[in-house]
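Open the structure in your viewer and keep the selection tool at hand.

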Amino acid sequence: MWAIRVSLALWAGALFAQHGYSPADVDAGGRLYRSNCVNCHGQEGTAIQGVDLGHGKFRRASTDDELARIIINGIPGTPMPPSSFSQAQADTIVAYLRSLVGAGTATVAGGDAARGKAMFEGKGGCRSCHRVNGNGSRVGPDLSEIGALRSPANIEQSIRDPNAEIRPENRYVRAITRDGATFTGRVLTEDTFGVQIIDSHEKLVSLSKANLREYAFLKDSPMPSFRGKLSAQEVADLVSYLETLKGVDAQ
Amino acid sequence: MKLRALLLVLAAGSLPAQVSFDRLVHAGQEPQNWLSYSGALHGQRYSPLNQITPQNVKNLELQWAFQARSVEKFEATPLVVDGTLYTVQAPNDVVALDAATGRVFWVYSYKPSPQSRPCCGKVNRGLAILGETLFMATIDARLIAIDAANGHPLWNIEVAKPEAGYAMTLAPLVVKDKVIVGTAGGEYGIRGFIAAYEAKTGKEAWRFYTIPGKGEPGNNTWSGDSWMHGGASVWVTGAYDPDLNLTYWGVGNPGPDWTSEVRGGDNLYSDCVVALDPDTGKLKWYFQFTPHDDFDYDAVQVPILAEMDWKGSPRKVMLWANRNGFFYVLDRTNGQFLLGKPFTKVTWATGLDERGRPMRAPGAVPTPEGNKIYPGNMGGTNWNSASYSPRTGLFYIPLWDNYYSEFVKGPAEYAEGRIYAGAMPRSPVPMIQAPQVQNRKEEDGYGAIRAFDPKTGEKKWEFKLSEVTDSGVLSTASDLVFSGGRDGYFFALDGRNGELLWKATLGGQVSSGPMSYSVGGKQYIAVSAGSTLFSYALR
């Protein structure tokens, strides 16, 4: 792809070390981003396939100055056009993009990641559905980079109340074919004529809607709520651990 | 003698296209060809071909594919002239190929200025032809004439300055000896216009500003100096009625898009259809769909001209499914409003009054915290063309339903060449392109091909899509309807009842209108998806 391929690498600490940005810079850059960049890149910087502005590692730029240069000059031969931003304005957009990476990095008060890891792999039983760095089940969402994707508050909410927000990519479907076979699984992608899932046996299954007798999304998340099952300290430990998971690209 | 006759035949076969304006006007008499953007100047996207039928359409088979050397969306509708297909590889390469085999004859590669800054992709929607000359409007706002036989440029003129935000994405329209285009750039604070150029020389013949200047009628529909940067783009091709000698064009949104208090008034001729004299560019009438648009609704459709019996007498009408969610029937002799009804979920207006003016819903405006309004920013439909079949009498609309945006009120300050639009609306549906892995909730909006009876505005049938769609619609003389979707399918429906008859997986988002042509008595259906143009025929 032409685009700036982004994965997870640069951390807020390292980033802010390049340039000191004030909250006012971030605010100003956010305004410029929302009125100039969102049209193509989307609110979260992920609207163009293969590009993820919110997570900080850029194929064509590593320093803030390089990023600002791209914002001003565009990338010839790609749909990224030049702009008429001043250097100062481009810098504020960089500040805003860098702040997105930092948004998910606040530590959880009192959480202990090591204890959380033990909980995740032991008593919590999380690996019976979730996978981290190659260990655990694939039935639930792979959490290897969850710390880069979601805020601590968001993760905590999922632990305490999994039904509060079920993201479209984490929905489960139950389908019965015309010859009576039943499939339950997490929906990977859905289209007009078919649905592609990873089923309860971790198999990739492609179903044609024309061959289905019944087909429905499960209203509730298959994930159990841990409200009342884990103490506040245990939840904080677990969130702290999950926040350390940034994906292989970050290593 | 025999050899000489053979040589003559070979020579005749290689003669360049000679497309007189008379042929463009009577395009319906040569159904094997597709001579202008919408197939004919009436804009119906209806093919008189009928070899492919509801009974045999299941036997469609891929004949060839042309892969563009471009990662931009493939939005062009090809032209086909006597066996040669002409299309545009984004941004601005003209390609001539054998319409029966897909083999390329020539490529004319134009490199647009790096100063070009289109809001929504460096795309191109196709070409126009007159005589043996092709015309392309470029993303850096130039108009280029190209020899249809060998791909050599004949003239190349500046229509407007790209560094000021002007761009062109539309296929030009040929009327008589002139080539008519309009400028995009409404998100960059341009002052839009439609202009005609002499086909032979590229000399400008007339220019119609889509925003009236100081002292002109309508200028007072813009507060202060807001008219100077009020946008009013032209994104798609117009239509032409040879009997009335009028050319009709849809005009885009006023700018800044979502910050409307700086441009008090109705903001003429934004969001209008304008009827112009093609010889002079003089305005004959206009109809405004969305006065003082707060939502970027545009009037970004090809006007569809139809002859129909209207309450007992024949009438020359214009059909229009607007991005604002309403479907309109106008009398195209004078712009009189005949009928208007919502074709999708609409909350910004409570209805249309007896003259077709929307009755704004109280409080339905962008707010600092964001205001959820249907249809969302991309509209109930968009630039991708609808189709009208004079056989079924139905109007086929590719639409987005149950789709909203949260419209946000934010600052907008004009600076040349920079986005001048206000704060971007928020929506769970991506604006331009779907991700490869598609997984959204139906309650966040979906797409459909929906058939309406234009005489009543009544829905006849619907074919529902799990994703929204950027595909146009083609109807044919065998009552087939072809369209596609963001999920990479291309399909044929029964135009009478919406039944699915055939489908193919093309693997890429369909962002163009399907079209049909024939070569050697064989009917083809062509459509682009992803960055590839596909052509199908019966096996």
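Select domain 2 and domain 3 of chain A: 4 residues of domain 2 are in contact with 5 residues of domain 3. Contact means that two C-beta atoms, placed from the backbone, lie within 7 Å. On the domain 2 side, the residues divide into 2 nonpolar, 1 polar and 1 charged. Nonpolar covers Ala, Val, Leu, Ile, Met, Phe, Trp, Tyr, Cys and Pro; charged covers Asp, Glu, Lys and Arg; the others, Gly among them, count as polar.

This is a predicted model: local features need pLDDT of at least 70, side-chain atom pairs count only at pLDDT 80 or more, and totals for chains, interfaces and linings use all residues. Residues are numbered from 1 along each chain as its sequence is written, and chains are lettered from A, ligands numbered from 1, in the order in which they are written.

Now color chain A by domain: domain 1 is 12-102, domain 2 is 113-165 + 223-250, and domain 3 is 168-217. These bounds come from an automatic or database domain assignment. The C-alpha centres of domains 2 and 3 of chain A lie 26 Å apart.

Next, select L127(B), I129(B) and V179(B). They have the most contacts inside the largest nonpolar core, which has 184 residues. Such a core joins buried Ala, Val, Leu, Ile, Met, Phe, Trp, Tyr and Cys residues through C-beta atoms within 7 Å; buried means 20 or more other C-beta atoms within 10 Å of the residue's own. Helix α5 of chain A (87-102) gives the most to this core, 6 residues.

Last, show both chains. Their contact takes 25 residues from chain A and 38 residues from chain B.

Terms used: Buried ≥ 20, exposed ≤ 12 C-beta atoms within 10 Å, placed from the backbone. Helix = DSSP H or I, 4+ residues; strand = E, 2+ residues; numbered from the N terminus.
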